[in-house]
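Keep the sequence and the 3D view side by side as you read.

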Amino acid sequence: METGSETSRYWYGASAEDRRRRAVDVLQAFRVYRAAEVAMRRRTRESMSMGENELLVLRYLLKAAGQNRRVSPSELTRYLGVSTASTTAIVDRLEKTGHVVREPHPTDRRSIFIVATAESDAEVRATLGSMHSRMMAAVVDMTPEESSAVIACLGRLQDAVDQVDPHPVDAVSANGSRRDSRTD
């Protein structure tokens, strides 16, 4: 037998508690997916004997090649947010393992482009191809409404995490002692 409050929810929508429970369930599902994705990336890096930044560079170069774009070392440095020395070390390792080559710039003899090799493209496709097919199969039959809802939700979540501020840095007081700015 329904009580008056249960009946009113039928007409007026879910309670705040119901909405919160659904929100927690959605966020938990995203966390579980994210953990699975992180584990997949780790397995991919291990199978290809690469570090995180090396795999990021390779994927970036392959995407650029698909767009018929050439990538300079400075573009990779900006993309990764690392020093030029770190970028050089990453490119050196990828070149040594046959994943990339350095090609001269056609008009500026001081500049070069970094290009993923065909063998590297084939290795990435072999390593990730079946996973991408399974992911596509999981979403290809979504209705337009379902797709719109997922895309909108992911966009709102991205906005939320993009607004996270780093912890305030401990400040040094005038007398040289450290104080925690979070307690001010």
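Helices (H or I, at least four residues) and strands (E, at least two) are DSSP runs, numbered from the N terminus. This is a predicted model: local features need pLDDT of at least 70, side-chain atom pairs count only at pLDDT 80 or more, and totals for chains, interfaces and linings use all residues. Residues are numbered from 1 along each chain as its sequence is written, and side-chain values use heavy atoms, leaving out hydrogens and water.

**Arg-59**
- Arg-59 sits in helix α3, which spans residues 52–66.
- Arg-59 counts as partly exposed because its relative accessibility is 37% (buried is under 20% relative accessible area, exposed over 50%, partly exposed in between; 1.4 Å probe, protein chains only).
- Asp-121 is 62 residues from Arg-59 along the chain, and their C-alpha atoms are 9.0 Å apart.

**How α3 meets α4**
- The axes of α3 and helix α4 (residues 73–80) come within 11 Å and cross at roughly 120°. Axes are lines fitted to C-alpha atoms, for helices over the stretch in contact, and angles run from 0 to 180 degrees between N-to-C directions.
- The two helices, α3 and α4, are therefore oblique to each other (under 35 degrees is roughly parallel, over 145 roughly antiparallel, 65 to 115 roughly perpendicular, and the rest oblique).
- In α3, Asn-53, Leu-56, Val-57, Tyr-60 and Leu-61 contact Glu-75, Leu-76, Tyr-79 and Leu-80 of α4 (contact means heavy atoms within 4.5 Å).

- Glu-75, Leu-76, Thr-77 and Leu-80 of α4 are buried.
- The buried residues of α4 pack against α3, α5 (84–96) and β2 (112–116).
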